[in-house]
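Q: I would like to learn how to read a protein model step by step. Please take the features one at a time.

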Amino acid sequence: MGALFGVLLVMVASQADGGTTADPEAARKLLFMVQYVAGDYSGAVDGAGVVTNADEYAEAVQTMKEANALYARLKPNGPQGAALSSLAALVDTKAAPPKVETSGRALVDALTRELNITPAP
């Protein structure tokens with residue numbers, strides 16, 4: 001899965017518009033991390049909150065921790081900090097995949113606007 005993460009990160013970087021954030025590379029990485037969790041979480045946890053793939057679940061938890069730390073570095077006291085924490089809490093509590101996907105996609109939209117970056121398709 002690590003190789004896929006790297007390939008997709010390159011895709012995000014190549015499609016970004018440069019943005020106006022102080023660190024556009026970190027902003028693109030953050031956006032990708034949220035996209036990744038929103039898209040892959042259903043392969044880790046089922047609708048009843050049962051972990052179906054321990055490695056994927058651990059990766060989702062770790063990715064959200066890193067995403068929260070990265071956002072805090074990019075935007076201390078930024079407006080999406082609470083939404084990132086909320087998404088991490090959904091992952092930590094093994095919420096149903098549709099909730100994580102919906103929350104993640106809304107957060108991608110908000111981060112795209114806030115950080116002035118273009119998400120990968």
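**Reading a chain of helices**

A: Of the 121 residues of the protein chain, 40% count as buried. Buried means under 20% relative accessible area, exposed means over 50%, and partly exposed lies in between, with a 1.4 Å probe and protein chains only. This is a predicted model, in which local features need pLDDT of at least 70, side-chain atom pairs count only at pLDDT 80 or more, and totals for chains, interfaces and linings use all residues. Residues are numbered from 1 along each chain as its sequence is written, and side-chain values use heavy atoms, with hydrogens and water left out.

Q: How many helices and strands does the protein chain have?

A: Helices (H or I, at least four residues) and strands (E, at least two) are DSSP runs, numbered from the N terminus. Here the protein chain has five helices and zero strands. Read from the N terminus, the order of elements is α-α-α-α-α.

Q: What is the accessible surface of the protein chain?

A: Accessible areas come from the Shrake-Rupley method with a 1.4 Å probe; for residues, only the protein chains shown count as cover. For the protein chain the total is about 6000 Å², and carbon and sulfur atoms hold 56% of that surface.

Q: What share of the contacts with a separation of 6 or more comes from residues 24 or more positions apart?

A: Contact means heavy atoms within 4.5 Å. In the protein chain, 66% of the contacts with a separation of 6 or more join residues 24 or more positions apart.

Q: At what angle do helix 2 and helix 3 pack?

A: Axes are lines fitted to C-alpha atoms, for helices over the stretch in contact, and angles run from 0 to 180 degrees between N-to-C directions. Helix 2 (residues 24–40) packs against helix 3 at about 150 degrees, with the axes 9 Å apart. Helix 2 is therefore roughly antiparallel to helix 3. The cut-offs are under 35 degrees for roughly parallel, over 145 for roughly antiparallel, 65 to 115 for roughly perpendicular, and oblique for the rest.

Q: Is the crossing of helix 2 and helix 3 left-handed or right-handed?

A: A crossing is left-handed if the near helix is turned anticlockwise from the far one by less than a right angle, and right-handed if clockwise. Helix 2 and helix 3 cross in the left-handed sense. Among the residues that meet are Leu30, Met33, Tyr36 and Val37 in helix 2 and Ala60, Thr63, Met64 and Leu70 in helix 3. By class, this contact of helix 2 with helix 3 has 12 nonpolar, one polar and six charged residues. Ala, Val, Leu, Ile, Met, Phe, Trp, Tyr, Cys and Pro count as nonpolar, Asp, Glu, Lys and Arg as charged, and the others, Gly among them, as polar.

Q: How do helix 2 and helix 5 pack?

A: Helix 2 and helix 5 pack at about 165 degrees, and their axes are 8 Å apart. They are therefore roughly antiparallel to each other. The crossing of helix 2 with helix 5 is left-handed. The contact includes Leu30, Val34 and Val37 of helix 2 and Val100, Leu107 and Leu111 of helix 5. Its residues divide into 11 nonpolar, four polar and two charged.

Q: At what angle do the axes of helix 4 and helix 5 cross?

A: The axes of helix 4 (residues 81–92) and helix 5 (residues 97–115) come within 10 Å and cross at roughly 160 degrees. Helix 4 and helix 5 are therefore roughly antiparallel, and their crossing is left-handed. Leu84 and Leu87 of helix 4 are among the residues in this contact, as are Val100 and Leu107 of helix 5. The contact of helix 4 with helix 5 has seven nonpolar, two polar and one charged residue.

Q: Is Val37 buried or exposed?

A: Val37 lies in helix 2 and is buried, with a relative accessible area of 1%. Not counting residues up to four places away in sequence, Val37 touches Ala60, Thr63, Met64, Val91 and Val100. Val37 and Ala88 are 51 residues apart in sequence and 9.6 Å apart in space, C-alpha to C-alpha.

Q: Where does Gln80 lie?

A: Gln80 lies in the loop between helix 3 (54–74) and helix 4. Gln80 is buried, with a relative accessible area of 15%. Leaving aside neighbours within four places in sequence, Gln80 is in contact with Tyr71, Leu107, Ala110, Leu111 and Glu114.
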